[in-house]
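Subject: Structure handover

Hello,

Here is the structure I said I would pass on. Please open it beside this email while you read.

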Amino acid sequence: MVCGVAVTMSSAMLNAEPIDFSRQILPILSENCFVCHGPDTRNEKDLRLDSREAATRDLGGYHALDPDHPEQSEILTRLRDKDDPMPPKDAEKQLTEAQKQLLEQWVKEGGAYDLHWAFKKPVKNQAWVDAQKVDYPNPIDAFIAAGMREKEADFAPEADKSVLARRAALTLTGLPPELSDLSLHMADATEEASGKWIDQLLKDPKYGEHQARYWLDAIRYGDTHGLHLDNRRGIYPFRDWVVRAFNDNMAFDQFITWQLAGDLLPDPTLEQQLATGFVRMNPTTSEGGVIPAEFQAKNNFDRVETFGTVFLGMTMVCARCHTHKYDPITQKEYYELLAFFNSTSENPLDGNAYLYGPTLNVPENQPAWHEWLELSTRQDALLKGVDADTVTNSLGSLEKFGDWEAEEWKRSKSVSVDAVVPDDSAFEELKAEHKGYKKDRLGFVNEAVWVKFRLRSPVAQTLWLTFSGGTDSAVFLDGNPIASPTRQLPDQRFVSLPLVVNQGEQEVIVKMSGTEVQVAQEVRIETPWKSWSGKKDWAACGAADQLRMLADSKGPLAGMKGRMEAFELARRLAMAEANFTTTLVAKDLKEPRETRLLNRGEYDQPTGDPLTPNVLSVMGTLPASAPKNRLGLAQWLTSRDHPVVARVLINQLWQRVFGVGLVRTPEDFGLQGQQPTHPELLDWLAVEFQDSGWDLQHMIRLMMTSRTYRQDSSWRPDVSDPENRLFARGPSYRLDAEVIRDTGLWAADILDPHMGGEGVKPYQPSGMWMAMAHPASNTKLYERDRSHRAYRRSLYVYWKRTSPHPMMTLFDAPSREVSCVRRSRTNTSLQSLGLLNETQRTEMARMLAGRLITERFSDQERLDYLFGLLASRPANQAEHKACLDLLSNMRERYANDEESARSLISVGDLPSEYDLPAVEHAAWTQVATIVLASDSAIMLY
Amino acid sequence: MMDSFHPLREHDLMMTRRQLFGRAALGLGTAAMANVLSPSMLAQGGARLGAEGTHHKAKAKRVIYLFMSGGPSHLDLWDYKPKMQDMFNEQLPDHVRSGQRVTGMTANQKNGLPLAPSKYKFTLHDNNDRGLWVSELLPHTATVAKELCVVHSTYTEAINHDPAITFIQTGSQVPGRPSLGAWLSYGLGKMNENLPSYVVMHARTNFAEQSLFARLWGTGFMPSDHQGILLRSEGDPVLYLNNPAGVSGKDRRKQLDALAALNQQHYQQFSDPEVLSRIRQHEMAYKMQTSVPELMDLSDESEDTFELYGEEAKQPGTFAACCLNARRLAERGVRNIQIFHRGWDAHGNLPKEHESQCKDIDQGSAALIKDLKRRGMLDDTLVVWGGEFGRTAYCQGGLTRQNYGRDHHPRCFSIWMAGGGVKPGITYGRTDDYGYNITDADGNTLDPQPTPGKFTPGTMHIHDLNATILHLLGIDHKRLTYRYQGRDFRLTDVHGHVVHDIVA
């Protein structure tokens, strides 16, 4: 039998090899000695053991570590001193005999020091990898095999093809494979099949959704401010951008740079600015009586500490109040790093406001982004082709365009959306300007408000009418429908369209139908011509107005080439921009805010001179050309010389793919963290990541095509390695909360594929928010969605940081108040209750049961279908028996009690699409419930 | 009591394992330990301890924490300040405040900081010491004066709700740390597998003025199975406890049998011990479906009980009902129970609010003590009552003899403890004539700061409070650690002193 524990058994124990300081000695010193003899030693005279220079200092005729006569080192004496030992007798942490022996060996060998492994630049041992190529075409396997060889173990056999297909789909997209895809893949016997399978999954937009989630844990994404009132915060476009970045396989160095400093890039795009939402992700407060300076400090503590965890794998918090006890980070360095973040312009208190500025207007959801990006590109191309001189000549000293008067505004009560134009008696006078009005809230989906007004124009021209209204909104000009009915995407709340008016007077009627998301009731009339008549300078008019002027069929440019395209683009862009939402972004103050060291981390005790932003010296220096702002910080992070960042990120990726990291403490690469199980592999991957141009998908492909990943995940009787530190079996773990929920929705065919937008609110036991919320909080009422929104992927579940969704926390989702780069994976009885009783799960089960019954015709086939969906394979014999026994039992039971059957198949909002016999449907619902809850469905293996 | 798997032991083993796996070798013979120490084996109950799994002999086996969310006014409830009666509307003398931080809510008041003497009558009740002054707002609690240890000199560093409540419940002003309850769950383990080990209740109030946060019973960086489980008065008492409509208990049994068969199949193929553990969790859930309704069913309580707790105890969600639940939970082996009662935040209209708040909690608190006592459970049940800070001697807003408000006051506040190895019928700590500063017995102002290695007798920082709570439960607050980001975290950070003067 081979024993996994022995992986770290030191060969030095057998005196075969010299001591490896960084791996064997430094952890002992850090754990046992640095608390008194470490970097934060207060008195200069005190002995320090964190560097050779300090340890060999003359202490008055003797040395802790004697450089010339190692055997006379005081350490050797004190280690064994009966009366006055070190560590002292009453110290909490005592050395083991083995540790003492190691220290003795080290001292006797001369007491050489070396840098902690993580602070040394990773080196790629390519020559060694190349030499292994014949046996291990995938370099990962070469490293893993070497580790196993030491323990006389070998790879486990490859897992079944279907198991691997499911594993890969769950790893990449967080959902099992579609059965149609799976059967094509199973039929593909070519060598490239598995590679193609991975590529296919990488192209699936669900990939980005799944990968983004881990990042959102790390950077503590939430839909609320997180403290005190815990009010709503508008930042979900950031979440959607992360999804896009993963789906576009954005180079990771760019991904980092945009988030840290997109606003500081030259002429930043909308997306680059939006990405700085990362900087704004810290929880905030506006509790009555708090002091702004206090939260200016606290917000920045949070930023710098999250930055440390996510990018540096460093625990920064100690250095807030004093120089770090273990890691070489001084208190001054902490505040120098903090200085990068201290000049952002937002108020330290959030005002409990949704629009906690600075904010940016951006498209609302994923389809809207794609459309807007496409339209913008086309607009740019079209406008590039327009000759300014020609236009200027055509426009001349244009006068009357852009003038109009809109009067006699009237508005109806909220009426059924199906009603035709109400007669005059339904209308009441409405106060509005000729440019429009904004007030109240628009009604719900099945209601509509009608507004009418008289509009006078001195010329025939195209005005632009924007109003709040959902699907089936309409506009009538002198009784004729000009846009009816409008078909819109589900989340659109505004209609914006060109209104071609005649010279003289006309009646405009607007039907504003309600929307799913409540918005203000608003009508707005705009014109592009004002921007010309003001400046008479085409170039200064702005792209949107230029486009609209080109598009006006009644205007002086009507004869120009491209008018039709301009009209289409203008119409669609107007619609897109009318539905923009806001998102929190970072901007710097014109003058940087002064940063000083805070004594003991107290906001009211700044001491010393003002500090310049700077990086941690143990990890190199700020590149010479780098500005001393967030952009410079990003350049430092992504520089080839940075020792830690690539390692930390690749370890996070390895953890996503294999379930556990190469460093098991992904949040701590410091002296107190665990050492990598395969240091050379970690380094090779880190450098490969940089070499590839920070190509995440390249790294994922490498990992997932490795023999290491493709192993069977059964625990092995011949290898005792409960933590799988050898990686001598495939990954096996319970899936995350989100994946468990999404899988059920998907299997039941009720998963709403819509991507992006404001967080969704599925079923939640009533009163959970109310029982905790401040009466003034705008998140005290959980108003659950009663539409397709409730069936969207869990990535989009509304994240209230002081009270996240209970089905999420039940399965170990973090609160997102602080960074989390590794979730716990607990196994509790309350999870069982959730799996079997939660409303949405019962609804999934009954919808899944309906699907089984209608799409397959025998019990046998239905079961195979059920297991096919959830386990990517047919049910085996024992599973058949267990399920069929339950099925026949339940048929009998419900035949005697049809009312119970009907109750069960009515759980949840969804109408049953199937007209099925209640008894049969209920019995299958029971079966679906348990298979959905079984380990074959909720585990990755 | 059930012999069960014990987290302190789990913790030790985890630490050993971590060292085994994560560091250089420790010695020979450790290899053999690997199997014994696998987490799955632990989860299966592979590691079992005897009755004493604690650092030292525990005085208390369980704790019931009555948390008054906000700041109950020590000046109107516990800390009798007769001299203030003659100083109505006089400014708080500068030397008393001596530059201390005042919240933004009163810092710039037009009327300055006028003293607001309590309008309530205080009576001296016999205890086992120099007597206990209790205001007329707490007539029931006053009847158990001989059981209470009232601490007048509790203090904190935070002055606003969110940081202060987070501080007292997690030992840190900012989110991210495990709660006191999570530490206790981690340290004490479980005596009854059919009920959650750490139960939290939210009691009803007329003044839900401040918010609570899941972090207050959450686990921070610890595994989430140590989090507090809400026992609710609305819907399912424990989330998702009840079967869906149309599914009977019998059905569930059959479902679970089938589920176990499926999972056994999975286990046979993959041999992952976690699968066996999950089969066991499904069974425990099934038992919980019986034990929780049985817990919530008060029909076996005598009329006597309701006389003690009051008729309100029959209404789910009232503080009295929560107290009764707490006793029933304690009887059933739940060791870690917390009731949150909101609304202690009387910036204005203190009399109206505090009268209502006290009425909510007074009888239930006293009843709990009496009930535990008559059942012989008070000796080993620690009951703690208190909020996150106190209230100011000066008035916030308009001041009359009959009506006033008080701002937050962190520098001293009163809490009480009872049973569970605490000296009964004593008071601990003193404050000055304004209930503003902590003083020694001679009236000299003490200005305690939480300092490692230095304790100021007569004071109780909230780290000291938490250290003392852990101590009474047999846990050394310095040794109950959890490693995260390379640091062995403690509930009490680097602070905390057990206040031995109040330990029996």
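Below is what was found, starting with the contact between the chains. Please keep in mind that this is a predicted model.

**Contact between chains A and B**

The contact takes 103 residues from chain A and 78 residues from chain B. On the chain B side, the elements that give two or more residues are helix H1 (7-22), helix H2 (33-36), helix H3 (39-43), helix H7 (161-170), helix H9 (249-270) and helix H10 (273-296) of chain B. The largest share of that side comes from H9(B), with twelve residues. By residue type, the side of chain B that touches chain A divides into 33 nonpolar, 31 polar and 14 charged residues.

**A sheet in chain A**

Strands of a sheet pair through backbone hydrogen bonds, either parallel or antiparallel. In chain A, four strands form an open sheet with antiparallel pairing, in the order S6-S13-S8-S11. Strand S6 (436-441) and strand S11 (494-501) of chain A are the edge strands, and each pairs on one side only. Neighbouring strands of this sheet are turned by 15 degrees against each other on average, direction ignored.

S6(A) is joined by five bridges to strand S13 (residues 520-526) of chain A, and the two run antiparallel. To see this pairing, find A:Lys439, which stands opposite A:Gln521 in S13(A). Helix H22 (residues 563-578) of chain A packs on the sheet, where it touches strand S8 (461-468) and S11 of chain A. The direction of this helix makes about 140 degrees with that of S11(A).

**Backbone details in chain A**

There are cis peptide bonds to look at. One joins A:Met86 and A:Pro87, with omega about -10 degrees. A:Pro87 lies in the loop between helix H4 (74-80) and helix H5 (97-108) of chain A. Another joins A:Gly357 and A:Pro358, with omega about 0 degrees. A:Pro358 is in the loop between helix H17 (331-339) and strand S2 (359-362) of chain A.

A:Asp230 is not a glycine, yet its phi is positive, about 55 degrees. This residue sits in the loop between helix H11 (205-218) and helix H12 (236-247) of chain A. A:Asp230 counts as buried because it has 30 C-beta neighbours inside 10 Å, and the cut-off for buried is 20 or more.

A:Asp749 also has a positive phi, near 65 degrees. A:Asp749 lies in the loop between helix H27 (737-747) and helix H28 (806-810) of chain A. With 14 other C-beta atoms within 10 Å, A:Asp749 is partly exposed.

Regards

Technical notes:
Residues are numbered from 1 along each chain as its sequence is written. Chains are lettered from A and ligands numbered from 1 in the order in which they are written. This is a predicted model: local features need pLDDT of at least 70, side-chain atom pairs count only at pLDDT 80 or more; totals for chains, interfaces and linings use all residues. Two residues are in contact if their C-beta atoms, placed from the backbone, lie within 7 Å. Ala, Val, Leu, Ile, Met, Phe, Trp, Tyr, Cys and Pro count as nonpolar, Asp, Glu, Lys and Arg as charged, and the others, Gly among them, as polar. Two strands pair if DSSP finds at least two bridges between them. Axes are lines fitted to C-alpha atoms, for helices over the stretch in contact, and angles run from 0 to 180 degrees between N-to-C directions. A residue is buried if 20 or more other C-beta atoms lie within 10 Å of its own, exposed if 12 or fewer, and partly exposed in between; C-beta atoms are placed from the backbone.
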